[in-house]
Amino acid sequence: MIVRTVLGDVDPAELGPCDAHEHLFLDTPAQPGEEFLDREKAVAEARTLAAAGAASLVDWTPIGLGRDLDGLAHVSRETGLHVVAATGVHRDAHYTADDPLRGEPADRLAERFVADLRARCGIIKTGASYHHVTPFEDKGFAAAAAAHEETGAPVCVHTQHGTMGLALVERLRSLGVPPASVILAHVDRNPDAAEHAETATTGATLQLDGPGRTKYWPDSTILRLIDDLAGAGHAARLLLGGDTGRRTMFRAYGGGPGLDYVFARFKPRLERELGTELAHAIFVTNPARAFAWDPRG
């Protein structure tokens, strides 16, 4: 088993404390004016994350949205962080009506994903809309499943407002992706522990990224959800990330809370209130399992 980073494969045990969902470069028509593409600003932000105790991060920016693999490699070399990059496509809203990706058949998309995975990418990104899957997204799921079958790489899924988690796991299962290879993002946008416990029972991994979004909910809401899910026996299914996906979230661009928030502020509180053992599982043990794969072909 390996974790594929932009600078090469590492043993999963080398991943260390991991920020499981970030974006160091992103440019999407769904968020006009929020693009961030500056390599040195990315390095500056990533250095704060490393200083706060992270040893790795997983960048979920897929094809067509400003993904910069050379930039990610530059950040990794400058900071010492292991950086995992994504192939795949995002949900429908992130692509213009005339984007060339819309005309690509699923098998061609899968070929692109596989080529990325055999080079510098370590995860496959796909996404769904709010309570439904569009035809473009359906094609993305089919291509992601085909790429997983050929490579073994994990499939990382954007859920819109935390909806349809179980349905998306079952959709991927029907396409040949076992739930243990599926990571669902943003589930805490719908902080319903019973809902997500049912999804976790399949073996899928639940990724939370709400810390610091105080205008939507306090951090206590995320902590309560983690506590409830761990109490229901799903501590081994949880990951945490910052999903710093807007220019205005970076201090390097004059915003906040900054790339380091999850490690500098939320992790210490989690350790105080819920214990260091659970924190170690979420930040170290679980990422080493969730992002590891045995390359095929």
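## An aromatic cluster

Phe-36, Phe-250 and Tyr-253 come together as one aromatic cluster. This is a predicted model, in which local features need pLDDT of at least 70, side-chain atom pairs count only at pLDDT 80 or more, and totals for chains, interfaces and linings use all residues. Residues are numbered from 1 along each chain as its sequence is written, and side-chain values use heavy atoms, with hydrogens and water left out.

## Rings that pair

Rings of Phe, Tyr and Trp (its six-membered ring) pair if their centres lie within 6.5 Å; planes under 30 degrees apart count as stacked, over 60 as edge-to-face and the rest as tilted. By this rule there are five aromatic pairs. One of them joins Phe-250 and Tyr-253 edge-to-face, with 6.0 Å from centre to centre and 70° between the planes. Phe-250 is buried (under 20% relative accessible area, with a 1.4 Å probe and protein chains only), at 1% relative accessibility.

Phe-263 is buried at 3% relative accessible area, and Phe-283 is buried at 0%.

## Charges over rings

Now for the charges. One sits over a ring if NZ of Lys or CZ of Arg is within 6 Å of the ring centre and within 35 degrees of the ring normal. The charged end of Lys-267 sits over the ring of Phe-283, 5.7 Å from its centre. Arg-102 lies over the face of Phe-136, 5.0 Å from the ring centre.

How values were computed:
Buried < 20%, exposed > 50% of the residue type's maximum accessible area, 1.4 Å probe, protein only.
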